[in-house]
Amino acid sequence: MSSTNDTGVVAGPARTTHTRRFRGLVGTGLVAALAAVVATTLAAALAQGAGVDFEIPDGGETIPLSGFAVVTGFFSVVGIVIAAAFRRWSAQPARRFVWTAVSLTAISLVPALISGANTATIAALLGLHLVPAAVMIPILARSLRTRTD
């Protein structure tokens, strides 16, 4: 008696499609992350040029431009991972991602508000949290919509 493994035939193309969609999401996300890093660092440099000192009273240290780039890059990658997880395990990945990302962005504003920095620094930090969110959230949400249709 011979047995046929039909799952190998069906799983092959489905797995390839899943892998292709995942790679597309990650590729799009990484390009968006690079754009977010550049936009945020440029905005921080412009704010610094306009007189914002980015000095945080607790410790008296000034946030360097490279710090904005590193933190933006790191949390953009975290956003890509969250988007990939929703794409994999959610029936409505774009909607869930937007709700989660907007909520996390709102939470990320709290440290700037309670930092004790001067008004110009707080306003700049709030804006610099919104710049990468404005880049990453729509791009990843759009990518999640097109990847699941």
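Author: Pro-93, Ala-94, Phe-97, Ala-101 and Thr-105 are the buried residues of helix 3, where buried means under 20% relative accessible area and exposed over 50%, with partly exposed in between (1.4 Å probe, protein chains only). The model is a predicted one: local features need pLDDT of at least 70, side-chain atom pairs count only at pLDDT 80 or more, and totals for chains, interfaces and linings use all residues. Residues are numbered from 1 along each chain as its sequence is written, and side-chain values use heavy atoms, with hydrogens and water left out.

Reader: What makes the buried residues of helix 3 line one face?

Author: Seen down the axis of helix 3, they fall within an arc of 85°, so they line one face; the arc is that of the directions from the helix axis to the C-beta atoms. Trp-99 and Ile-107, on the other side of helix 3, are exposed.

Reader: Why is the pair of Phe-54 and Phe-68 called edge-to-face?

Author: Rings of Phe, Tyr and Trp (its six-membered ring) pair if their centres lie within 6.5 Å; planes under 30 degrees apart count as stacked, over 60 as edge-to-face and the rest as tilted. The ring centres of Phe-54 and Phe-68 are 4.9 Å apart and their planes stand at 65°, so the pair is edge-to-face.

Terms used. Helix = DSSP H or I, 4+ residues; strand = E, 2+ residues; numbered from the N terminus.
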